[in-house]
Every structure is written in C-alpha cells, then in structure tokens.
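Open the model in your viewer and keep the selection tool ready.

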Amino acid sequence: MPMHMTWKKIMTGALAFSIAAGSGTMALTTSPAIVSAEQMRATKFQDVEGGHWAEKHIAKLALQGIITGYKMDDETFTFEPGKSVSQQEAVLMAIRFAGLYDYVDRSTQVVFGDSFKVSEFYIPIIELAFREGLLDKKEEFELAVADPESEWGKKPASREWVTKLIVKAIGEQNAAEDLMQVPSAFHDAGAIDDRYLGYVNAAVEMGLVTGKTPVRFDPDAPVNRASLATLFSRAQGQYPVAFENQHEGVVTSYTGDTITIYEDGEETTFSMDMYTNYFHYQSDSPVDLGSILEYGDIMIIEEEGVARYVEVQGDVQHIETIEGTFERYNADDQQIYVWQGNDYLKVNYYDGILIEDTEGMPLTIEDLRSDAKLSILRDNFREQPVALKIVTEAPPETTTVEGDLLQVNAGLITIQSDGKPMAYYMAPNAPIQIEGLSGANVDDLVIKEDQLQLTLNLEEQVVGVKVLNRQVETLAGVEIEGYNEDRNYITIYDYTNNKSQLLTLTDKTRYNYLGTKLDKQGAMSFIAQNKNVIIRYTDGNVVSIEFVTSYTGTIYEIDTKNKRITIQLQDGELVKVPYLSEIAVSTIIRPLSSHLDLRIGDTVTLNMRMDKVEVTLIQLHEQMQYEIVSIDSVKKTIKVKNATVKSDDLRVDKVELLKADGSKALLKDLKVGSWITVDFVGDNPIKIQANSSNSNG
C-alpha cells in the first residue's frame with residue numbers, strides 16, 4: 001500500500017502487549033530507579049494521574065501529536081483512558097501514527113452510504129485511510145451493512161479489528177496475507193473471523209500483541225483508549241516513525257537542568273525542568289534523573305528546546321578503553337600519540353579533557369610524561385572518536401630543577417643553576433626529551449648550549465631530562481646537493497618547501513644507510529648514489545641523516561599540474577616529492593588504476609629513484625580476505641580464492657604469519673578451507689592472519 005514514510009525495522013526483543021480493557025504489565029530484567037506513584041502527573045490529561053499504568057505511553061503519544069484527548073470548558077484536557085475506543089478514533093490514531101495526518105483533505109466533500117455512518121469530523125480521515133490502504137473500503141462497508149444497529153464510526157473497536165488496523169499501519173499486510181491459512185494456537189481460534197486470522201497471526205509472531213490469557217485471544221472484546229495508546233507506543237519500538245520534535249542519539253553529558261546528545265553528527269543541548277518526565281525502556285513507570293546513562297542511547301521529545309519526555313533506550317555505553325604508552329601530543333591538531341606494542345596510535349582529544357593519575361590527582365596534558373602508561377576512555381559513536389578521560393600512572397614524588405648544561409658523562413650530569421654548578425646522577429633509562437626527536441639520548445645533548453629541566457626523584461636522581469631552548473626539525477623528501485668537507489657543511493634542496501639551505505655536520509651527527517650505521521666519510525660517499533634522505537637538525541646542526549629508498553604514509557595531496565605528490569608520514573611530517581609523468585600504481589584490489597584513481601587518505605609506499613628525488617612506483621596498501629584452497633609447504637605458497645578471485649598463488653616465505661589472536665603462526669597452522677586476511681603493499685603480501693572463525697567475516 002502507498003505510505004508516506006520510510007519504516008525502519010529494529011530487530012530487538014519483542015515487546016508483546018496484551019490489548020486489554022484494563023491495565024498492562026511488563027517484565028523487567030533490571031531495576032531502574034522507579035519514581036513513587038505520588039509523583040507529578042506525566043501528562044496534560046486531568047484524568048491520567050501520576051502512577052497510571054499507561055501514563056508513559058499516553059504521555060509519549062500526546063507529545064508526538066498522535067493523541068489529543070478531549071478539551072473541557074475550563075480549557076483543561078481529559079483522555080478517558082478506560083473508555084472503549086471507537087473505530088473512528090482508532091483510525092485517527094493510526095493515521096497520526098503513520099505520519100499521514102497532513103494529507104487529510106477537508107476541502108473535498110465525501111459522502112458515504114446511509115449504512116456507513118461516521119461522525120462529520122472523521123469523514124475525511126476515514127476516506128484517507130481507505131485511500132492509503134489502512135482500511136479495506138469494501139470490507140468495512142459490508143461490516144456496516146451487517147450491523148445496522150450500530151453506527152460504524154462510533155462502534156467500539158474490537159481486539160481483532162484493531163489488530164488488523166495496526167498491522168496495516170506498520171506496512172506488514174503481506175506478512176499477514178502469508179499467514180491467512182495458518183491455524184492459530186489460541187483455544188478460541190474458532191472465534192477469530194477468517195478475515196482477521198492472518199493479521200492476528202502476524203501481530204503475535206512480530207510480538208505486537210498477545211492473548212488476554214496465554215490460551216485465549218478474545219477477538220470480539222472491545223479495546224480501551226489507554227490500551228490502544230500503549231499498543232501504538234510499543235509498536236514504535238520495532239517500527240519507529242520520525243517526528244519533528246523527537247530526537248534519538250547518544251548522551252554526551254547531562255546535569256539537573258540540561259542534557260546534550262550526539263545525533264546525526266552534531267551535538268544538541270536541551271533544557272530540562274520540573275515538568276520533564278524520565279522513563280526507561282524496561283519499565284512503564286517513571287524513573288529518576290539518575291537513570292540516564294551517560295554515553296548511552298536516549299530518546300527525547302521536546303517542546304521549544306525543552307525536553308518534556310526523556311527515555312533511556314539501552315544499557316550499553318558507547319565507549320571503549322585504550323591502553324598504551326604515551327609518546328607525545330600535538331596541541332594544534334589536538335591529538336595524543338600512543339604506542340600499543342609496535343603500533344602507533346593517534347587519539348583525538350578536546351580542550352578541558354579530564355586527566356588524572358591513578359591516585360586521582362588532577363593533571364593537565366602538559367603533565368603527561370613520555371613513556372608513561374595511559375588508560376584512555378574514548379567514545380566510539382562519533383565518526384572521529386574523541387578521548388573522554390585519560391588516566392596515567394602516578395609518578396614517583398619528584399621535583400624539578402633548571403639550568404645550563406655544563407657536562408654529561410659516566411652517568412653524571414652537571415648543570416649551572418642559580419650561578420652554581422650542580423651535579424646529579426642519572427637514573428637508569430631516564431628519558432631525554434627533545435621536541436621533534438623521538439628516542440633521544442645523552443649524546444643528543446649539546447654542552448654549554450642546552451638549557452635543561454631535570455626531574456629528580458626522592459633520591460635526587462635524574463629521572464627525566466627536558467631540553468627547553470631548542471627543538472629538532474625533520475626534513476623528508478630532500479636531496480643533498482653538495483658536501484663541503486673542509487667546512488663540514490652540506491647543501492640540501494627541500495622539495496616540500498621548494499628551497500635550499502646549508503646545514504652543519506657535527507661530531508654527534510648520526511648516519512644511517514638503509515638500516516646500517518655509517519661514519520661520516522662512508523655516508524658522504526653515498527650522496528651521489530642515493531639522493532633520497534631524511535634529515536633531522538636543530539639550530540642549523542644536523543642530528544641525523546637517514547638514506548631511504550621509499551616513503552610510507554597517507555596521501556595528503558596530489559598536484560597533477562606540477563606532478564607533485566604529498567604524503568603524511570606516521571610521525572605527522574609532510575613529504576612532497578615529484579613523480580614520473582607516467583607513474584605506475586601497484587594495487588591488488590584496484591587493477592589498472594593510475595595515480596588519478598588514488599584517494600586522499602589512502603596509505604601508500606612511494607618507491608624512489610636512487611639517483612634522483614622522483615617517485616617511480618606507488619604501492620597501495622590494501623587488505624583482502626581469501627579462502628585457502630591448498631598449501632604447498634615446499635614451495636612456501638598457498639593457493640587462495642574469494643568471490644572475485646577464482647584462484648591465486650601467494651608466496652609466504654617472506655610474509656608475517658599470525659594466528660587469529662595475533663600471535664605468531666607457522667605455515668602448518670593455516671588450514672585448507674579456512675579464511676585469512678592478507679595485507680598487501682602493492683601486489684606483494686606482507687602479512688597473513690587467520691580469521692577468528694571459519695568464515696569470511
């Protein structure tokens with residue numbers, strides 16, 4: 001049937017409701033904080049007192065505009081919850097429930113036959129219900145003719161009639177028609193009219209209704225107004241309809257006066273006052289403010305920005321805990337860098353985040369120590385998760401002293417502080433902190449130039465050294481254009497910033513060629529063979545030179561006009577390098593791709609020419625899942641397949657093999673018929689991990 005909304009079925013536990021003339025009950029698996037029956041009335045209706053068994057559902061539907069009640073002479077409203085609902089009233093509720101009321105046309109005169117009597121107000125509503133398929137016109141006219149003693153509109157709605165109406169209102173007519181020939185399990189099934197049998201079966205199967213007793217449906221019994229309101233309210237749990245003043249999201253914070261929720265990528269704050277009512281999905285009774293679950297699901301119905309109906313929607317907090325070792329933070333990007341084993345993790349944070357040590361001492365982000373153990377509470381409902389709280393291990397009681405570095409040797413460090421030389425023993429593994437240089441050691445300190453802050457423990461041993469007056473800069477994607485041996489300096493060209501500069505080599509400069517340590521003479525002999533280097537320097541002095549043949553990072557920018565590609569390395573540095581006009585792209589998932597098909601954010605490895613700073617090959621980092629077809633332990637290969645690959649051979653002699661739990665594996669641990677996840681750099685597999693179950697996820 002035509003419907004003017006999109007239904008979204010929520011596959012949760014069925015909340016079955018017995019359509020009865022009296023009160024309804026609901027079993028709770030937990031015990032939210034119930035408010036006593038003497039609390040303030042939850043609805044505007046004078047005859048629905050606080051504590052009424054259906055007040056939650058009546059309050060919700062009233063705020064949604066599905067029910068309005070009866071306006072009295074004194075401008076107050078009543079609902080008459082115990083009154084049998086008429087058929088025309090039930091149709092009005094169904095029209096509003098389905099979001100169709102705006103389509104009621106009162107400008108067109110509609111005339112029904114004399115045998116089909118409907119109160120004037122309801123005539124266009126009933127006509128719309130016929131047009132939209134909520135009612136079968138031929139069927140209802142036949143029912144009216146068969147019962148001439150009753151006006152069709154004012155006739156009390158029976159349980160079986162209401163059941164058909166609600167099933168049609170939620171768009172499940174096809175399900176009902178499929179069950180028309182299925183016998184009902186109720187003992188009084190013979191009393192259910194054949195035209196309603198499929199609808200009763202469907203409603204019971206979907207958990208919308210139950211019998212008045214476990215064995216009796218009582219199809220002809222009338223339904224009262226409170227029961228029908230409860231039915232439409234609970235039906236929204238499985239078939240929700242969007243209302244303009246209704247919001248569903250995750251609670252990010254709340255006080256006694258306000259509540260803020262995250263909904264559709266944005267945070268919205270609503271006021272709360274003494275007329276705000278709180279409910280819990282597991283209870284029909286009001287609960288207190290403390291039942292709201294921070295970072296849990298919530299539904300709010302508001303009036304002009306004030307929350308009038310607040311319902312807790314679940315018991316799960318959308319948060320996670322990350323354990324790791326603190327490396328550093330970037331205040332500009334508001335990111336914390338944490339090591340988890342060998343993995344480097346970036347965690348977003350916000351100004352004012354709660355930070356404390358394990359003793360509960362409040363801290364600032366500047367207080368976090370390099371290599372300190374962190375426990376980070378982070379949300380997992382935002383597109384870009386944010387840290388909510390950071391707990392760090394409580395450091396030993398320490399003091400700090402500052403001064404100019406005079407000497408450092410044999411585990412002893414001497415500084416000039418307040419005009420006096422002060423010598424301190426270094427504790428084992430005391431970290432050296434120089435901004436921009438990870439893994440710094442005492443050899444990176446510059447005597448008579450560095451201003452230091454020493455952190456001392458109770459034994460006055462140095463447990464931390466921080467250089468205050470300088471930082472180490474990193475240049476990647478640069479070329480050493482020349483070396484002046486007599487004056488001990490190099491000339492470099494920086495492709496990222498398009499400029500040349502002079503840097504001085506010192507006796508502390510470190511040299512590394514593709515993982516091998518070299519002396520200065522050996523390193524300088526390679527500058528003509530390999531033009532690609534990463535240089536770290538401070539105050540014009542080179543700290544280290546690292547020769548590389550490739551760069552790995554995420555694509556930041558592709559300048560097709562000037563043929564330049566910029567990637568962001570793992571430590572955050574940007575590298576801009578030129579590439580060949582017809583640059584090749586190696587990929588396993590996107591065959592025949594060119595550099596024009598690459599996306600910002602893709603992880604890539606740029607393979608460089610040795611004699612020139614120029615990209616010759618771009619290898620895309622990708623993942624694929626395969627089923628193992630066969631294993632050749634002699635040739636160290638496995639044959640695999642998936643939905644898109646009929647057969648492929650993977651060499652595994654140089655591939656990291658892992659079990660499903662992340663521990664190291666051997667080739668014999670892989671099984672034919674099982675599924676694996678393969679990490680590729682270009683078309684080269686670099687890691688294979690068994691899936692957690694014998695499936696493709």
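Select L134, L135, D136, E139, E140, W161, K164, L165, K168 and Y196: they line the largest cavity. A cavity is a set of points on a 1 Å grid over the protein atoms alone where a 1.4 Å probe fits but cannot get out, and lining residues have an atom within 4 Å of a point. This model is predicted: local features need pLDDT of at least 70, side-chain atom pairs count only at pLDDT 80 or more, and totals for chains, interfaces and linings use all residues. Residues are numbered from 1 along each chain as its sequence is written, and side-chain values use heavy atoms, without hydrogens or water.

The largest cavity has a volume of about 60 Å³. Volume here is the space filled by probe spheres set on the points, which are joined across faces, edges and corners. The lining holds five nonpolar residues, no polar ones and five charged ones. Nonpolar means Ala, Val, Leu, Ile, Met, Phe, Trp, Tyr, Cys and Pro; charged means Asp, Glu, Lys and Arg; the others, Gly among them, are polar.

Next, colour helix 4 (137-146) and helix 5 (159-169), the elements that give two or more residues to this lining. Helix 5 gives the most, with four. Helices are DSSP runs (H or I, at least four residues), and strands are too (E, at least two), numbered from the N terminus.

Which residues of helix 5 meet helix 7? E160, W161, T163, K164, V167 and K168 do, and their partners are R195, Y196, Y199, V200 and A203. Contact means heavy atoms within 4.5 Å.

Last, select residues 183-246, one of the stretches UniProt lists for "domain: SLH" in an unreviewed entry. That stretch is 36% helix and 5% strand.

Key: UniProt positions renumbered as here; feature names shortened; annotations may be inferred. 1 Å grid on protein atoms, 1.4 Å probe; cavity = no way out; pocket = protein on both sides within 12 Å on 5 of 7 lines; lining within 4 Å.
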